[in-house]
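Reader: Hey, I've just opened this one up. Can you walk me through what I'm looking at?

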Amino acid sequence: MNEENVKDFSTEGGEALLFSIDDTVYGIEIKYINEIISIEQITIVPKVPDYIKGVINLRGKIVPIISVRRRFGKEEIPYDERTCIIVLEFDDGNFVGIIVDRVREVTIVKPEEICLPPDCKKVNANKYIKNIIESDGEIKQLLNCEKLISDI
């Protein structure tokens, strides 16, 4: 990725994939999205944190799978036909899949809809939230993908 052409989402906006966990809407910058797949057989890996569900083989690549619910300290729920894995791709060529309850839509986020999360240690202590997006009368939390997977 050419660093000079990379836009700063926080100030310029851009496209984001929205998904939900319970009634909370989250977003991921579209630049991280590789693909969205249905839940498939996950191979359990011993002695990993409980939010790491295991790994899958995605066309010859071994991809670690994270439960966003567990990562955020929420209780697991049974998977259904709308539960899916969003496969993220990072600049270093690594892939990570995140399990989400529902994918909602891809949306264009305008710069005026973006603000920083509250600067309160208890609100964003883990730094998973990069920005808050307020649009259509709804608050969405844009995830910091790098922090989300930082210790796997």
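Author: The secondary structure comes to three helices and eleven strands, where helices (H or I, at least four residues) and strands (E, at least two) are DSSP runs numbered from the N terminus. This is a predicted model, in which local features need pLDDT of at least 70 and side-chain atom pairs count only at pLDDT 80 or more, while totals for chains, interfaces and linings use all residues. Residues are numbered from 1 along each chain as its sequence is written, and side-chain values use heavy atoms, with hydrogens and water left out.

Reader: In what order do the elements run from the N terminus?

Author: They go α-β-β-β-β-β-α-β-β-β-β-β-β-α.

Reader: And which strands form the open sheet?

Author: Six strands do, in the order β8-β1-β2-β11-β10-β9, with mixed pairing. Two strands count as paired if DSSP finds at least two bridges between them. At the edges stand β8 (102-109) and β9 (114-115), each with a single partner strand, so one side of each has no neighbour in the sheet.

Reader: What about β2 and β11, parallel or antiparallel?

Author: Parallel: three bridges join β2 (residues 24-29) to β11 (residues 138-143). Within that pair, Gly27 stands opposite Leu142 of β11.

Reader: While we're on β11, is Lys140 buried or exposed?

Author: Lys140, which sits in strand β11, counts as buried because its relative accessibility is 4%. The cut-offs are under 20% relative accessible area for buried and over 50% for exposed, with partly exposed in between (1.4 Å probe, protein chains only).

Reader: So what does the Lys140 side chain make a polar contact with?

Author: With the side chain of Ser135, at 2.6 Å. A polar contact is a pair of N or O atoms within 3.5 Å; within protein, one must be able to donate a hydrogen and the other to accept it, and residues adjacent in sequence count only if both atoms are side-chain atoms. Leaving aside neighbours within four places in sequence, Lys140 is also in contact (heavy atoms within 4.5 Å) with residues including Leu18, Val25 and Ile132.

Reader: Switching topic: how many salt bridges are there?

Author: A search of the whole structure turns up ten, each being a side-chain nitrogen of Lys or Arg within 4 Å of a carboxyl oxygen of Asp or Glu. One of them pairs Glu35 with Arg59, at 2.3 Å from N to O. Glu35 is in strand β3 (residues 33-38) and Arg59 in the loop between β4 (52-58) and β5 (61-67), so this pair ties together parts that are 24 residues apart in sequence.

Reader: Are those two buried or exposed?

Author: Glu35 counts as buried, at 17% relative accessibility, whereas Arg59 counts as exposed, at 65%.

Reader: Which residues touch the most other members in the largest nonpolar core?

Author: Phe19, Ile28, Leu88, Ile98 and Val100, out of 23 residues in that core. At least two core residues come from each of β1 (14-21), β2, β6, β7 (95-100), β10 (129-135) and α3 (145-148). By nonpolar core I mean a set of buried Ala, Val, Leu, Ile, Met, Phe, Trp, Tyr and Cys residues joined through side-chain atoms within 4.5 Å. Another core, of ten residues, lies apart from the largest one, and Ile56, Leu58, Val63 and Val87 are among its members.

Reader: What does Phe19 touch?

Author: Not counting residues up to four places away in sequence, its contacts include Tyr26, Ile28, Ile86, Ile98 and Leu143.

Reader: Last one: where is Glu40?

Author: Glu40 is in the loop between β3 and β4, and it is partly exposed, with a relative accessible area of 33%. Leaving aside neighbours within four places in sequence, Glu40 is in contact with Ile56, Asn57 and Ile85. From C-alpha to C-alpha, Glu40 and Asn57 are 9.7 Å apart, and they are 17 residues apart in sequence.
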